[in-house]
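Take a look at the protein chain below.

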Amino acid sequence: MAEGGVGAGAGSGSVRPLVGSMPNLHANPLVHLARSHHHHATHHMHATHHMHATHHMHATHHMHHGPAPPASPSSASHSSTPGSSAASSSSLYSEDATADPVHVTSVKEAWIRSQLREREGEFCEKKNITVMCATWNVNGRRPAESLLPWLSSDDLRIDIYCIAFQELDLTPEALLLGDTSRSLPWESSIEATLRQLGPYRKVSSRQLVGMLLCVFALEHHALHISDVRSGAAGVGVLGLMGNKGGVAIRMQVYDSTMCVVNTHLSAHLDNIARRNQDYKEVCRRILFEHPSSDQLYSVFDHDHLFWCGDLNYRLNLTDFEVRNKIRQEDWATLFEFDQLQQQMKSGAAFDGFSEAAIEFAPTYKYDPGTACYDTSEKHRTPAWCDRVLWQGPNIVPLHYERRELLTSDHRPVSCTFAVQTKVTIPKRKADVYQSIVKELDKMENETLPDATLSHNSVTFSDVRYMCPQTHVIDIENTGQVVARFRFIPKLDEKRFCKPWLWVNPPFGMVIPGEKMRIELTAYVDNATAPDFNYDQAIPMEDILILHLEGGKDHFISVSGNYIPTCLGCFLDQLVRHPLPIRHGRPVDDGNDNLLPIPKEVLRLVDVLNDHALDHVSIFMKPGDAATVDAVIEALDCGEDILQAATSSFHSVAEALLRVLECLADPVVPFTLYNQALDSSASPAAAKALVATLPQTNSNVFFYILSFLQRLLEHAHTNELSPERLGMIFSSVMIRPPPMTGSETADARQKKCEFLLHFLR
């Protein structure tokens, strides 16, 4: 966890998110969940860019142990007015979210903090700084020319540089093993360039394979930069390879918070949906730890957010039309066909972000070393792949431009901003604090509390595995005094709700005449899916007790309909389902219909064995997200996989990886994880360990390995290698136990070596 950052999948159940310490934020229902919330967007510099509500992906808190729910496009989102904060004058989201709400004592203090955020204009002054965000896809090249034309500014002295690279390293070693040595020449080149421009100090850097993000600041500003954290998320095949994804650095600049994200999204003209999904995954999975606690916050939980990189969005015009418009320098017409601005308009991705007017030629794709657009056989259509966006108040773009460095097939881009940061005046803040405390004390000393709920029952329809579904209940303070509430357990129970139900906030405070939103989210993950999938007679229902301190209890009835799936099951459960999981009940041990291997694995491998052995880079390239879902649906319903896959065998391959990855206990069980790492150096030890696997696990292990050996027999056409397959399949067949944190590069290498004993 470099510099306190939390990368993809690195969060543990002991970590809780930051709620209530950042301005203008919304708390959310799920820990580690980056969910969509709406804010009115700031003005876009293009006349063609319409305003839409911002889909904020925030980290949130929870009341349960175990893996936290991920974001989902199907998550409910709710709107708020501009300038609303995480805890407005009418509500509170507590920071102590993992505490039992029965014993919480910090409700008052957290509410006061929320009021301070709303009144910060009374005790904060503004300080102007200039920030340059610069991005360049270097196409695997090393520095070969001066960076001064890119990073210098004729009329401004830059206070903070945020410099992003993509494709620093395109070698298999970098993709599979995370080798980061290629960044060193580029970092040295940056430092040498900035020494010519002023006394700059490196604040931080973060790398994920070919993506590198560096932040530098003038020395007198660097003294006022604190709480520097970084995070990363790969969104390659199953998020396992860092060929695509993002890195981020957050920091406090004076008394404002700032976050910078560098992403490299999926390529190719028709891959719009995948790019949108990559964006959402990066939002969901990059989380930062609070420096003095185990709370988390997301990239959106900052005053100022900058997003740059090779976003890879293209132009929906023919190559001839694009090149003709470039010759005419008709940027406005070209921009109408830009995929990124279209996705921003529709709210499908980067909703609420702004971009300065583009008044330069497309930055991709050139013949390296020349001023000519692509003349190769592929004849790539030029596009504005390289972009700089921003979100947040008090940000004004000054210069948005490209530079003519010829090393790569991309041109570097930079955008310089004027940014207003906050500087707190302690004496004024103390005075505001005292006035808030006095106001609260007055309200508390008058009479008994009373509150009403907008409704006392919630029904979730068609709850699916790993797809959170949220409903909202409003609690209104109808009394004359502050109303404090908390959810309490039922008699003889330790938790106040079932493990598949998430409540946010679990406790809080509402002042008279105001309302507060309580979100109830149904979320079925590996901890709860096995029971629902195996015994479909188990009802999805619960009763919540909302206790009003000094008042009466309110009861909320919760029910739902879970859709069974092969995902999130144990292997021993799947082999007891000879029929599709939605069309039959499990059989008992000894039954003649008991399967040696789950039919889902058999069906997927059969399709790949019959149709995809010679498919180039099978398992190395991601499938289409919607098609992968369709393939899983076909497995659950007993429908034709080929028809669902629509000839996308990369999607079938990813579906197989997903089935293995989502097993409640992996092929090599959690209990044998450390032994697998220890036995990786010896073929004999690895084979001895496999001999101890439960029978079903052993059957699946050797069936998958037999299929992989068959794939390698076609390596001359599919371009696979034992090392590549070993890295991919070891990541889903040998997984660390839950709650153990992120895996080290050494552990990933040992898992790969373990499987290689059976592939070579």
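Two strands pair if DSSP finds at least two bridges between them. Keep that rule in mind for the sheet described below. The model is predicted.

**The whole chain**

The protein chain has 760 residues, and 59% of them count as buried. It holds 22 helices and 25 strands. Consider contacts between residues at least 6 apart in sequence: 74% of these join residues at least 24 apart. The accessible surface is about 28,700 Å². Carbon and sulfur atoms account for 51% of that surface.

**An open sheet**

In what order do the 5 strands of the open sheet lie? The order is S8-S9-S10-S13-S14, with mixed pairing. Strand S8 (225-234) and strand S14 (386-391) are the edge strands, and each pairs on one side only. On average, neighbouring strands of this sheet are turned by 15 degrees against each other, direction ignored.

Helix H6 (residues 272-285) packs on this sheet. The helix touches S8, S9, strand S10 (256-264) and strand S13 (304-310). The direction of H6 makes about 135 degrees with that of S13.

**Strand pairs**

| Strands | Sense | Bridges |
|---|---|---|
| S8 and S9 (residues 245-253) | antiparallel | 8 bridges |
| S18 (residues 457-463) and S25 (residues 553-562) | parallel | 5 bridges |
| S24 (residues 540-548) and S25 | antiparallel | 8 bridges |

Single residues show how these pairs line up. Ser-230 has Ile-249 in S9 as its bridge partner. In S25, Val-558 is the bridge partner of Val-458, and Phe-555 is the bridge partner of Ile-545.

S24 and S25 also form a hairpin, with 4 residues between them. In its turn sits Gly-550, which has a positive phi of about 80 degrees.

Which way do side chains point along a strand? In a regular strand they alternate between the two faces of the sheet.

**A helix pair**

Helix H19 (residues 695-712) packs against helix H21 (residues 722-733). Their axes lie 11 Å apart, at an angle of about 155 degrees. Angles over 145 degrees count as roughly antiparallel. H19 and H21 are therefore roughly antiparallel to each other. Their crossing is right-handed.

Which residues of the two helices meet? From H19 come Phe-701, Ile-704, Leu-705, Leu-708, Leu-711 and Leu-712. They meet Pro-722, Leu-725, Phe-729 and Met-733 in H21.

Definitions and conventions: Residues numbered from 1 in each chain as written. Predicted model: local features only at pLDDT ≥ 70, side-chain atom pairs only at ≥ 80, totals over all residues. Heavy atoms only, no water. Axes fitted to C-alpha atoms, helices over the stretch in contact; angles between N-to-C directions. Contact = heavy atoms within 4.5 Å. Buried < 20%, exposed > 50% of the residue type's maximum accessible area, 1.4 Å probe, protein only. Areas by Shrake-Rupley, 256 points an atom, 1.4 Å probe, with all protein chains shown as cover. Parallel < 35°, antiparallel > 145°, perpendicular 65-115°, else oblique. Left-handed = near helix turned anticlockwise from the far one by under 90°.
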